[in-house]
Amino acid sequence: MALLLKKTISSLALVNTNAAAAAGLLTWTVIDAVRGQVSVSGSCVGSIVGLVAVTPACGFIQPGWALLFGIIPVLIIYFIVLYEHHMKFDDTLDVAVVHGCGGIIGAFMTGLFAELSNNPAGADGAFYGHPIQLWYQIAGILTAIGFASACTAGILLPLKYTIGIRLSAEEELRGLDWIAHGEKWELHEKPHRGTTTTVITTNRNELPPYSNRTSSRSRLNNKRRNIVRWKTDISRSKFNANQENNPTV
């Protein structure tokens, strides 16, 4: 009997996981299509949001609710990512938004849709006559946020004031492919074609500047000095592209 119950819960978790991922992918793709910019990377992010959100609930909810675990978090996170540039933090690859917010939303929704009948080790959620479960979920969310924040600060703060955790503006513009790995992307004259080149050399002066690290103040000054140059390069690139697309006779 116990083995049958474990198999049933495992099957339920498998179905819910895939249902939420599929719903998240479709939801993100539909929003992209409405905005006129469908992309494979965006669709992949939608499925990841669904996977993250349903993780705390996959063994406790019905498959029908799993679809909502893919739809609702994507609707929220899509627009957070869209307007993230207005926020005063640097979230590379949208990791904090996709995984952090996705997990928070999923844990909160678990307190609403969980059913004891699906898993005897769980509890009913607020929609099934057990509203206290929602408060348990909120307490767990706040505990996880506090724990993650403390551990992250304990790792990043010492690094910030020793070796640094940010690249200079010049290094960001040149790209981490070249700075960290000795590779760079070379564009050909034909559009939409390019190659990656790996640079191997025995001359230390020709190697990528792995050790080119500056203080936080110097990096900030470099960023301010180079921002005008960066905007100028973009303007020149746009001008050259217009000239190629509309050649004068």
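Biologist: Which residues make a nonpolar surface patch of about 440 Å²?
Modeller: Ile155, Leu156, Leu159, Ile163 and Ile165 make that patch. This is a predicted model, where local features need pLDDT of at least 70 and side-chain atom pairs count only at pLDDT 80 or more, while totals for chains, interfaces and linings use all residues. Residues are numbered from 1 along each chain as its sequence is written, and side-chain values use heavy atoms, with hydrogens and water left out.

Biologist: Where is Leu156 found?
Modeller: In helix α5, residues 132-160. Helices here are DSSP runs of H or I with at least four residues, and strands are E runs of at least two, numbered from the N terminus.

Biologist: Other topic. How many aromatic pairs does the structure hold?
Modeller: Five. Rings of Phe, Tyr and Trp (its six-membered ring) pair if their centres lie within 6.5 Å; planes under 30 degrees apart count as stacked, over 60 as edge-to-face and the rest as tilted. One of the pairs is Trp65 with Phe113, which is tilted, at 4.6 Å centre to centre and 40 degrees between the planes.

Biologist: Which helices do Trp65 and Phe113 lie in?
Modeller: Trp65 lies in helix α3 (residues 63-82) and Phe113 in helix α4 (residues 95-113), so the pair ties together parts 48 residues apart in sequence.

Biologist: Is Phe113 buried or exposed?
Modeller: Phe113 is buried, at 6% relative accessibility. Buried means under 20% relative accessible area, exposed over 50%, and partly exposed in between (1.4 Å probe, protein chains only). Trp65 is partly exposed, at 28%.

How values were computed:
Patch = residues over 30% accessible without salt bridge, like charges linked within 9 Å, V, L, I, M, F, W, Y side chains within 5 Å. Areas by Shrake-Rupley, 256 points an atom, 1.4 Å probe, with all protein chains shown as cover. Salt bridge = Lys/Arg side-chain N within 4 Å of Asp/Glu carboxyl O.
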